[in-house]
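Please look at the structure first, then read on.

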Amino acid sequence: MRRFSALSLNQKLAALAFLLGLGALFISPARGGAVSIRPDELARIVQTEIDHVTTDDLADWIMQGRADYRLIDLRDEKAYAEYHIPGAEHFPITRLADASLTRNERIVLYSDGGIHSAQAWFLLRARGYQGVYILRGGLDEWRDTVLFPVLAVAPGSFEARRNERLQARAVHFGGQARVSTGGSPEPVPVAAAPVPVTAAPVVAAPAPPPGASAPAAKKKKKEGC
Amino acid sequence: MNAPFFKYGMFGDETSLVIAFAIGIGFGFFLERAGFGSARKLVSQFYLNDLAVFKVMFTAIVTAMLGVTYLGWLGVLDVSLVYLTPTYLWPQIAGGLILGFGFVIGGYCPGTSVASMATGRVDGLAFALGLPAGTFVFAELFPWLKRFFLTGDFGLRTLPDVLGLSHGLVVFLVVLMALGGFYGASVLEGIFGTGDAPDDARQ
């Protein structure tokens, strides 16, 4: 003890850092195993909807070429083979437990509507996955807002820009924007025939052509000394 | 209660800004107390006669790393929700070089320039005004820079992934690297030092 007290403060701190570093060899920061479900916490997440990703956001991420998330398609194999969102991986809900997902990544789930992804969200949360998100409205909404969005009729300058953006985005993903006629609830295609959903690209799309999109500037984290 | 609090929705954007402001003030205070409000002190690391910047920054890295590791192990912090900067290799190398050149020429990096301005230094003020000006120019040029901005996309990479080592082993190696670096810095200060370095640096 006397020898330790004879050390300078810096030397004591260095010794402490060394011991803590040595201890780190035997621990893992991400503890697996038993996970307790906290209903109040889950309820708060559900209510605040912070577990949702919108189709607009997802389309932006794909077009920007972001790689900081995993997109999981929960539908059956046939539906996945027919069409899936670019970059999506196929994991049926029954195999989710064995899927090669780690807790250290952002996972976005989608199914046709929202029910299966909500159930899968709960399964993953219960297994201790924290970064799990649901694509709001699922593939149905993706189809309605990204692949075949309805354009404003007789647009002003703001809507015209929006129309342009939606049209470019739809084409980027192999879809086609539509316009809504008068009082008709059914939108009709702009072109002679819309590209069928099955024709949409099934692999990750390349970088968008210049001017094809003007995604809203994302909040960037400020870092540095 | 689990961290990170913001991601669990325990407070909103407004509260997070207030907390960020408080943390920023604290950060600036400690930068100033470490002597980093002075450009002379900061650039002397490039002349190898005072490596306080290296030591303070590496100490911060080791402290944060050990804190994250142990809090994650205790279950207080969910490491999987801690923000990781995606790797865009080439633009990040370019950005690092630009920042480095600016640091050598002017003597400040962004945080220290604000700390310096707060102490009334005019050169710090010039730097702090240059920050929003540079941000504005970058934003205006972004359409032309966008293609380069997204090159070298490696996604979210961590040292354990890249090196294929366990998290604990990487932590241990970084601690060893820091301790070796501190010792080496003291030796360099002994050789190149002007004699006004703090006492502990010459031990």
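## Conventions

Helix axes are lines fitted to C-alpha atoms over the stretch in contact, and angles run from 0 to 180 degrees between N-to-C directions. Helices (H or I, at least four residues) and strands (E, at least two) are DSSP runs, numbered from the N terminus.

This is a predicted model, in which local features need pLDDT of at least 70, side-chain atom pairs count only at pLDDT 80 or more, and totals for chains, interfaces and linings use all residues. Residues are numbered from 1 along each chain as its sequence is written, while chains are lettered from A and ligands numbered from 1 in the order in which they are written.

## The two chains

Chain A holds eight helices and eight strands. Chain B has eight helices and two strands. Along the sequence, chain B runs α-α-α-β-α-α-α-β-α-α.

A residue is buried if 20 or more other C-beta atoms lie within 10 Å of its own, exposed if 12 or fewer, and partly exposed in between, with C-beta atoms placed from the backbone. Chain A has 225 residues, of which 25% are buried. In chain B, 20% of the 203 residues are buried. Two residues are in contact if their C-beta atoms, placed from the backbone, lie within 7 Å. In chain A, 65% of the contacts with a separation of 6 or more join residues 24 or more positions apart. In chain B, 61% of the contacts between residues at least 6 apart join residues at least 24 apart.

## Helix α8 of chain B

α8(B) has 26 residues. From first C-alpha to last it reaches 37 Å, close to the 38 Å expected at 1.5 Å a residue; the expected span is 1.5 Å times one less than the number of residues. Its buried residues are H167(B), G168(B), V170(B), V171(B), F172(B), V175(B), A178(B), F182(B), A185(B) and E189(B). What covers these includes α2 (9-24) of chain A, along with α3 and α7 (159-163) of chain B.

## Packing of α3(B) on α8(B)

α3(B) (residues 52-74) packs on α8(B) (residues 167-192) at about 160 degrees, with the axes 10 Å apart. That angle makes α3(B) roughly antiparallel to α8(B). Angles under 35 degrees count as roughly parallel, over 145 as roughly antiparallel, 65 to 115 as roughly perpendicular and the rest as oblique. From α3(B), the contact uses F54(B), K55(B), F58(B), V62(B), M65(B) and T69(B). From α8(B), it uses V171(B), V174(B), V175(B), A178(B), G181(B), F182(B) and A185(B).

By class, this contact of α3(B) with α8(B) has 10 nonpolar, two polar and one charged residues. Ala, Val, Leu, Ile, Met, Phe, Trp, Tyr, Cys and Pro count as nonpolar, Asp, Glu, Lys and Arg as charged, and the others, Gly among them, as polar.

## Packing of α2(A) on α8(B)

α8(B) also meets a helix of chain A. The axes of α2(A) and α8(B) come within 7 Å and cross at roughly 160 degrees. The two helices are therefore roughly antiparallel. α2(A) contributes A14(A), A17(A), F18(A), G21(A), L22(A) and A24(A). Their partners in α8(B) are G168(B), V171(B), F172(B), V175(B), L176(B), L179(B) and F182(B). The contact of α2(A) with α8(B) has 11 nonpolar, two polar and no charged residues.

## Packing of α1(B) on α5(B)

α1(B) (residues 13-33) and α5(B) cross at roughly 80 degrees, their axes coming within 9 Å. That makes α1(B) roughly perpendicular to α5(B). F27(B), G28(B), L31(B) and E32(B) of α1(B) make the contact with G111(B), T112(B), V114(B), A115(B) and A118(B) of α5(B). The classes are five nonpolar, three polar and one charged.

## Selected residues

Y108(B) sits in the loop between α4 (89-106) and α5 (110-118) of chain B. It counts as buried because 28 C-beta neighbours lie inside 10 Å. Leaving out residues up to four places away in sequence, Y108(B) touches A39(B), L42(B), F103(B), S113(B), S116(B), G124(B) and F127(B).

L48(B) lies in the loop between α2 (39-43) and α3 of chain B. Its phi is near 65 degrees, a positive value in a residue other than glycine. L48(B) is partly exposed, with 14 other C-beta atoms within 10 Å.

R125(A) is in α6 (residues 115-126) of chain A. R125(A) is partly exposed, with 18 C-beta neighbours inside 10 Å. The C-alpha atoms of R125(A) and L42(A) are separated by 8.7 Å, though the residues are 83 apart along the chain.
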